[in-house]
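Dear colleague,

My notes on the findings follow it.

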Amino acid sequence: MGTLLKCYKPLFSIRFSSFPNSLRTLQLRTHPFNNLKRRNLIRRCFSSLNPPQPLINGKTFDQRDGNANPSPELWLHNTMSKKKEVFKPKVEGKVGMYVCGVTAYDLSHIGHARVYVTFDVLYRYLKHLGYEVCYVRNFTDVDDKIIARANELGEDPISLSKRYCDEFNQDMVHLHCLPPSVEPRVSDHMPQIIDMIKQIVYNGYAYKVEGDVFFLVEKFPDYGQLSGRKLEDNRAGERVAVDSRKRNPADFALWKSAKEGEPFWESPWGPGRPGWHIECSAMSAAYLGHSFDMHGGGMDLVFPHHENEIAQSCAACKHSNVSYWIHNGFVTVDSEKMSKSLGNFFTIRQVLDVYHPLALRLFLIGTHYRSPINYSDVLLESASERIFYIYQVEQSPLCSLCLYACTEVQKE
């Protein structure tokens, strides 16, 4: 079925809109039905397809004017509070949402796809409720992994990253993910990053060592509030190489001094490039301010990335605040997280060579977003069959419903 869907992809008229198309707009042919039970059953089937529209502020969707306030009844699980909370925007009718993007050094795998399909659904739903959403999703195009891959291929790191940013955007189009409002790249935001590091140093939360700048974790008493980890639980060398120059093994790099053969930018601490975590703090502040509504990503980013983001953002601005931290579950293979580092991944392209893009999208949203999904050909085949059935119904609603009605009558 997956291969069949791939072949028939050009025949499908694919639409996503706030409201389903009403069958009342279709020109339907009538046929004589001699069986009274069959006529009544078909009438009931059509009636069920046009239920009363839900109310928002006492009005149906069709009755609302453009200035109507959106519904507040959206519940989100907040990783910070560890519980579900009613969503309340900081500014009435508007939402600022930042989602950490990919490190662009290779084709993206379906673990990445789950993150961005998940937040595409949230983005669409917020727009459906009437919110004006500023959705920011970054690209990391300056990173150790990018430099290592570029050296392997004998390619300029920025050029290599740009190529894979373009490949990622093609994957998102295939998965029917709406483009975000802004897609900032690290290489385009060095002034903002350097300014934030300067502020952190000025506020006494960072120190310089031989051209590197490290964040002083012990200076920030709330470190660990997102992940629930205690500072003494962080073992030296567990996630990054041990650096004896650090005052505390948990201290992390805000700025890295330039090494031979690596791209670099001038700074007050000498030529170099930013550490991984600082980029998202600087770019989210640049487009959403220091205080905004939602920050999201995969669960693997809770620690250290988002924990470090909170620390450095608050160190730069004491009014820094994100209302809701949202994280999706992993895609697993044999109960182990799918990742490039483990070599147990399938790229989006590999899956789309076999299955229709919407079959993959349905597979990814078919499980609660915070629960893990185990990659399975059986589940993808099932998603393919469901997508094929949905389009059969959409393309020929009367015939499909009549077939269902006749089947029910025959059972009687």
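Two strands are taken as paired if DSSP finds at least two bridges between them. Please note that the model is a predicted one.

On that basis, 4 strands form an open sheet, in the order 5-6-7-8, with antiparallel pairing. Strand 5 (206–209) and strand 8 (272–274) stand at the edges with a single partner strand each, so one side of each has no neighbour in the sheet. On average, and ignoring direction, neighbouring strands of this sheet are turned by 20 degrees against each other. Within the sheet, strand 6 (residues 212–215) and strand 7 (residues 252–257) run antiparallel and are joined by 3 bridges. Phe215 has Phe252, in strand 7, as its bridge partner.

As regards the chain as a whole, there are 12 helices and 13 strands. Of its 412 residues, 48% count as buried. Among contacts with a separation of 6 or more, 75% are between residues 24 or more positions apart. The chain exposes about 21200 Å², of which carbon and sulfur atoms supply 52%.

Leaving aside residues up to four places away in sequence, Met294 touches several residues, including Phe87, Leu122, Leu126 and Tyr324.

With kind regards

Conventions
Residues numbered from 1 in each chain as written. Predicted model: local features only at pLDDT ≥ 70, side-chain atom pairs only at ≥ 80, totals over all residues. Heavy atoms only, no water. Helix = DSSP H or I, 4+ residues; strand = E, 2+ residues; numbered from the N terminus. Axes fitted to C-alpha atoms, helices over the stretch in contact; angles between N-to-C directions. Buried < 20%, exposed > 50% of the residue type's maximum accessible area, 1.4 Å probe, protein only. Contact = heavy atoms within 4.5 Å. Areas by Shrake-Rupley, 256 points an atom, 1.4 Å probe, with all protein chains shown as cover.
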